[in-house]
Amino acid sequence: TDSMPQRPDTLETVLLAVELLRRIPRGRKITASELHRQLKDAGMERSERTIQRQLEMLSSHFEIERDERSKPYGYRWLERAQTLAVPHLTPHESLLLQLAEEHLKNLLPARLMQSMDGFFTQARRNLADDHGQSTDPARLEREWPRKVRVVATSQPLLPPKIEPGVLEAVSEALYANRWLALDYQNAAGKRKPIQVMPLGLAQQGPRLYLVCRYEDFDNERSLALHRIRKAQASTLTFARPVEFDLQKYDDDGRFGFGEGQRIQLRFRIEKEAGFHLLETPLSQEQQARDDGEGWLGMTATVVDRAMLDWWLRGFGDAVRDVSRQGVPMEQNI
């Protein structure tokens, strides 16, 4: 407004004010320290005192409530307020943000997710259940999350517990190419401190795995995040190995407990159990034949890994005559 004070750093002040206005929620209160953390995670380094002064000024010029009943003060947009960008997310934008938060929360740097908290909160509020009473045009978008679902392809499992601070430290080190100090306990129960070079993060079902190199080694390993007891990102950075490719690491079957060796797999499977393989093949080169009497003969080039054995055993007596033949090295690249 015209009564707002003018300062030499007007542009910086305006940018900070806009970011604060975008991040102040409606329906719940947020403190200056929370906003300070969000802005810091987003790369805006401002002192908490500067943010407090801005909030005092904004609450006197906009329809922002400052709750002074307890310290630290809490700030929120009034219900009737015409706010800025975040409350004006369109229904489609709100839907996209809500779905993105659910599916990306473990795969994006923790600080980035934290910096987006105000946006995710507003998206959830925009799509809040109206119990069928509203005639708002956004009604169909509100219904959409109840109309779509990612379903399990195997027995659903609850996610393992990850120690507080581990995901944050791992994602920060991975994002910034920093060495990572871990207190790691393997599946056999052996626990020891290790230094690793973080190279990738993968979600497999309910579990998260860190692909890394141990200090003084040049091969990759996958460490389960729920077996990391403590993690701390170092201030020391490293040059990311140019030869490492996370997609190739996956294609080579390393997340399925394999070493990248490709084989020609042959087996017979009952038609009823194996019909889905005609629609979703094991590989581009898969060949299927009708062996008669209710059986299919299958041939496919796949990566040899423990997960393949588990998959075959899951069919029980519906799979017979399994054989493997190694693929020549020039075809195994």
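A salt bridge here is a side-chain nitrogen of Lys or Arg within 4 Å of a carboxyl oxygen of Asp or Glu. The model is predicted: local features need pLDDT of at least 70, side-chain atom pairs count only at pLDDT 80 or more, and totals for chains, interfaces and linings use all residues. Residues are numbered from 1 along each chain as its sequence is written, and side-chain values use heavy atoms, with hydrogens and water left out.

**Exercise 1. Salt bridges**

Task: State how many salt bridges the structure holds, then classify Glu172 and Arg178 as buried, partly exposed or exposed.

Solution. 
- Step 1. There are 18 salt bridges in the structure.
- Step 2. One of them joins Glu172 to Arg178, with 3.3 Å between the closest N and O atoms.
- Step 3. The classes are buried (under 20% relative accessible area), exposed (over 50%) and partly exposed in between, with a 1.4 Å probe and protein chains only.
- Step 4. Glu172 has 28% relative accessibility, so it is partly exposed. Arg178, at 26%, therefore counts as partly exposed.

**Exercise 2. A second and a third pair**

Solution. 
- Step 1. Glu220 and Arg213 meet through their side chains in a salt bridge of 2.6 Å, N to O.
- Step 2. Helices (H or I, at least four residues) and strands (E, at least two) are DSSP runs, numbered from the N terminus.
- Step 3. Asp321 is exposed because its relative accessibility is 53%.
- Step 4. Elsewhere, a network of salt bridges links Arg49, Glu56, Arg66 and Glu68.

**Exercise 3. A three-stranded sheet**

Task: Give the strand order of the open sheet and name its edge strands.

Solution. 
- Step 1. Two strands pair if DSSP finds at least two bridges between them.
- Step 2. The order is E1-E3-E2, with antiparallel pairing. Strand E1 (30-31) and strand E2 (64-67) are the edges, each pairing on one side only.
- Step 3. E2 and strand E3 (residues 74-77) run antiparallel and are joined by four bridges. Opposite Glu65 stands Arg76 in E3.

**Exercise 4. Helix H8**

Task: List the buried residues of H8 and say what covers them.

Solution. 
- Step 1. In helix H8 (residues 166-176), Val166, Leu167, Ala169, Val170, Ser171, Ala173 and Leu174 are buried.
- Step 2. Their cover includes helix H5 (110-115) and strands E4 (178-185), E5 (191-204), E6 (207-214) and E8 (228-237).
- Step 3. Just after H8, Asn177 has a positive phi of about 55°.

**Exercise 5. Lys192**

Task: Describe the surroundings of Lys192, leaving out residues up to four places away in sequence.

Solution. 
- Step 1. Lys192 belongs to strand E5 and is partly exposed, at 40% relative accessibility.
- Step 2. With contact meaning heavy atoms within 4.5 Å, Lys192 touches Leu182, Asp183 and Tyr184, not counting residues up to four places away in sequence.
- Step 3. Between the C-alpha atoms of Lys192 and Arg229 there are 9.9 Å, and the two are 37 residues apart along the chain.
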